[in-house]
Amino acid sequence: MACLLEAPLRISVLSEVTATSRHYVDRLFHPDPQKVLQGVIDMKNAVIGNNKQKANLIVLGAVPRLLYLLQQGLSSSELRTEVLGSELRTEGAVVLRTEVLGSELRTEGAVVLGSELRTEGVVVLGSELRTECVVLLGSELRTEGAVVLGSELRTEGAVVLRTECVVVLGSLAMGTENNIKSLVDCHIIPALLQGLVCPDLVFIEACLRCLRTVFISPVTPVQLLYTDPTVIPHLMSLLSRSPRTQDYITQIFSHCCKSPEHQTVLFNHGAIQNIAPMLISLSYKVRMQALKCFSVLAYENTQVSMTLVNVLVDGDLLSQVFVRMLQRNLPIEMQLTAAKCLTYMCRAGAIRTDDRCIVLKTLPCLVRMCSKERLLEERVEGAETLAYLMEPDVELQRIASVTDHLVAMLADYFKYPSSVSAITDIKRLDHDLKHAHELRQAAFKLYASLGSNDEDIRKKITETENMMDRIVSGLSESSIKVRLAAVRCLHSLSRSVQQLRTSFHDHAVWKPLMKLLQNAPDEVLVMASSTLCNLLLEFSPSKEPILESGVVELLCSLTQSDSPALRVNGIWALMNMAFQADQKVKGEIVRALGTEQLFRLLSDPDTNVLMKTLGLLRNLLSTRPHIDQIMSSHGKQIMQAVTLILEGEHSIEVKEQTLCILANIADGNTAKELIMTNDDILQKIKYYMGHSNAKLQLAATFCISNLIWNEEGSEADAMPGCQERQDKLRELGFVDILHKLTQALDPNLCERAKTAMQHYLA
């Protein structure tokens, strides 16, 4: 029976809630404007802090009605007026010819947009006509005291109603993301943007406040701000109206600037010039929002950063203003955001990395933000910004590594919040427990940046308490961002020969890395496969177990990816694997990759892919037995590919690598005949021996040197056909070229040519 009673009870409660909410919506349709206004005010009070009520009102259709009242006010109550002699013209509603004779008001030829014109309480004082309130509702125009001063008609009652409507819409927007989606679907953004043309400042501020609330939601398409090209200039013009307009507009800009295109639009419409004076505003909110806006504008944007560095604010350079905001007595939020501005300007090249404001101010400030005394979000932002600041600069990495024991300080990021945490606020503790993974992510990022160049710093990181175990654990975390940061950290450390031979081997990091490669998003795959390339270097103890794990198939599949970065890493890892490998490994690579895919990679439009493929081919074609075996089965295709590359429009580096492959082929016992019987290839070698680039000359000379090489010792040791090859090459003019190259300015080229000539003389 309990189950049978439960449904009617729920229906009863739902009906009661819906009925209550319906009452608010119904009042929006009342014919009396005053009751409509009171209904909107009551609705405003009812939805404050009540997400359930907000959702009910949205479902019951309150939003379209509120927008209707808002737009009706915009189209009808905001009347444009002109005074021409004795004629008062109110466009879009009513045209009245008026004369004032003594105390008499005469209205001639009234044209009404309804059927009723009611004028109550008209007072004439001198030349001023005052009527207290104009409201247009349905077919009735009621003038209960509008004010006409000169040529201005003010409709205060209508503005109040419209303002209250916007306030309610703003309150609804403060509910759930579904609320925001419903508001956006009802086209609230165009309606609010249209409202910004109203001269009433209170109404403008209400519209901007509501727009701010809508745009800061992650579900709102920021492109809606840029659809109409007149919107951004108009927002710029409103910045100076009041501290509130400054606060709301800069927040909108900060949240809607998501791409270089957005940065360019804001920059071109004078964002820097309009926002810079706000940095010295008396309002902390305004200063803070201006600072945040600059951090978004400057991020990875050279044009903006180069402009910012020359801007003056009250006689001071903008960078000096930012440095003053780093002072310890100022709010942490301001210190951190100012440090971000200086960081982004530095990374964009507007401020040198050795500038005092970076080395002595910005970097120490960001290290302070990593302290355990700071809140979780401050520690995360501080660590990630510091990682970004010093990522390309080894000197900043060295300075940071010895500042405030940073390397050891970061170890605390993995212990937070601990059982002895000082957090007494239960809500804060709950928040931090849910977001503790962000700390681990930030720590991995900062460790990766710290250890990207310096061997001593890498050693210090790996010797930090349980560091390698933490990285291994990070590779299997549920958060994709933590896994990505952990593999970045591993990649940074894998650049160390010492760490590859010690820590990486001791902790068998290749196992979780291989597992990560099985099923991961592309961004993780790129970083994991880059790390694997380093683990497959010949001096890495991890190379053998990785080979035995069946990695060849996985790497070959990466070479077929649509992502150039994954193709590069796949072929790079195979190249490292093939270096000084035995015939079994090389054969496995050729079989798994397939000749079709190999030659497809040799025509890849990405130069990096092509270079690594040539590197793989060069490593496969090393040691004579391997050269002869591979060329006996794939020689024709390889020679075709070599010819196409040498004839094509490729870089010096690509052609040099290709000539080196030919030099390896020329070192084979039987493979060299593929060159000797190909007059086209011989002519190309001859051409490159006379090239203006010494690298190409040297590589081509190696080819000829190997072709004419004669093993030292008895005649029995001589390579078959050596004399015939020498004779043919002499006939083709190669000896004359070699003789000239013995006088070359490049010492390596000169020495190689002399060595080749000695074989002829022998």
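Here are legends for a few close-up views of this predicted model.

**View 1. Helices α39 and α41 cross at roughly 125°.** Helix α39 covers residues 694–708, and helix α41 covers residues 734–741. Their axes come within 12 Å. As for handedness, the crossing of α39 and α41 is left-handed.

**View 2. A zoom on the residues where α39 meets α41.** On the α39 side, look for Q697, T701, I704 and I708. Across from them, α41 brings in F734, L738 and L741. What kinds of residues make up this contact: nonpolar, polar or charged? Five are nonpolar and two are polar, while no charged residue takes part.

**View 3. C210, a cysteine that is in no disulfide.** A disulfide is a covalent bond between the sulfur atoms of two cysteines. Searching the whole structure turns up zero of them. For C210, the nearest cysteine sulfur belongs to C207 and sits 7.6 Å away, and a pair has to be within 2.5 Å to count. Is C210 buried or exposed? C210 counts as buried, because its relative accessibility is 2% and the cut-off for buried is under 20%.

**View 4. C370, another cysteine in no disulfide.** Here the nearest cysteine sulfur is that of C365, 9.9 Å away. C370 has a relative accessible area of 0%, so this residue is buried.

Notes. Residues are numbered from 1 along each chain as its sequence is written. This is a predicted model: local features need pLDDT of at least 70, side-chain atom pairs count only at pLDDT 80 or more; totals for chains, interfaces and linings use all residues. Side-chain values use heavy atoms; hydrogens and water are left out. Axes are lines fitted to C-alpha atoms, for helices over the stretch in contact, and angles run from 0 to 180 degrees between N-to-C directions. Helices (H or I, at least four residues) and strands (E, at least two) are DSSP runs, numbered from the N terminus. A crossing is left-handed if the near helix is turned anticlockwise from the far one by less than a right angle, and right-handed if clockwise. Contact means heavy atoms within 4.5 Å. Ala, Val, Leu, Ile, Met, Phe, Trp, Tyr, Cys and Pro count as nonpolar, Asp, Glu, Lys and Arg as charged, and the others, Gly among them, as polar. Buried means under 20% relative accessible area, exposed over 50%, partly exposed in between (1.4 Å probe, protein chains only).
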